[in-house]
Amino acid sequence: MIRMILTSHGPMAEAMLASAAMLYGRKENAAALTLEEEDGPEDFYLRMEELLHTKKGGEGTLVLCDIPGGTPCNTAVKLANKHENVIVLAGMNLAMLLEALLWEEGAGLEGCVKLLLESGKESVKRMNAPGETEKDPLDSAMDEDF
């Protein structure tokens, strides 16, 4: 099983897990770690390292970060370089998290990462672009209600 740690500036990581739980229920292999305003980089590093030691993932650990270059991401990268079988992805979104939660046990960390990189790109779309003529039938039904 792949263990997942979601990390963010403020409550985003916790909120994403809560949103995913609405769809798939709570997952034992996923945890959130948030950087609070009062946290120093050293304290945050120690908390993330403790989380890496307390929750072992047989297939490895995937750390999903809010943005590249921030303290949560930089801390995760430092720890990934120190620990085996830890991969860090920055720029997480809910679509990526849902894909990760549905990833089949035994299918491998590298395969999951490849899927999430694709899923992250595919989930960002411009909606109702100029010149777009096709409409989903559900959209038409919703328009009538408003």
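## Exercises on a predicted chain

Along its sequence, the chain runs β-α-β-α-β-α-β-α-α-α; helices (H or I, at least four residues) and strands (E, at least two) are DSSP runs, numbered from the N terminus. This is a predicted model, in which local features need pLDDT of at least 70 and side-chain atom pairs count only at pLDDT 80 or more, while totals for chains, interfaces and linings use all residues. Residues are numbered from 1 along each chain as its sequence is written, and side-chain values use heavy atoms, with hydrogens and water left out.

**Exercise 1.** State how many helices and strands the chain has, and what percentage of its residues is buried.

*Solution.* Step 1: the secondary structure consists of six helices and four strands. Step 2: buried means under 20% relative accessible area with a 1.4 Å probe, protein chains only. Step 3: by that cut-off, 40% of the 146 residues are buried.

**Exercise 2.** Find the largest nonpolar core and the elements that build it.

*Solution.* Step 1: a nonpolar core is a set of buried Ala, Val, Leu, Ile, Met, Phe, Trp, Tyr and Cys residues joined through side-chain atoms within 4.5 Å. Step 2: the largest one has 22 residues, and Met4, Leu6, Leu62, Leu64, Leu89, Leu97 and Leu116 have the most contacts inside it. Step 3: two or more residues each come from strand S1 (2-9), helix H1 (12-24), strand S3 (60-65), strand S4 (86-90), helix H4 (94-102) and helix H5 (109-122). Step 4: H4 gives the largest share, five residues. Step 5: a second, separate core has 15 residues, among them Ile5, Met48, Cys73 and Leu79.

**Exercise 3.** List the residues that Leu89 contacts, leaving aside neighbours within four places in sequence.

*Solution.* Step 1: contact means heavy atoms within 4.5 Å. Step 2: Leu89 is in contact with Leu62, Val63, Leu64 and Cys65, and also with Met96, Val113, Leu116 and Leu117.

**Exercise 4.** Describe helix H4: its N-terminal cap, its buried residues and what they pack against.

*Solution.* Step 1: Asn93 caps the N-terminal end, with a side-chain oxygen 3.1 Å from the backbone nitrogen of Ala95. Step 2: Met96, Leu97, Leu98, Ala100 and Leu101 are the buried residues of H4. Step 3: these buried residues pack against S1, H1, strand S2 (30-35), S3, S4 and H5.

Technical notes:
Buried means under 20% relative accessible area, exposed over 50%, partly exposed in between (1.4 Å probe, protein chains only). A polar contact is a pair of N or O atoms within 3.5 Å; within protein, one must be able to donate a hydrogen and the other to accept it, and residues adjacent in sequence count only if both atoms are side-chain atoms.
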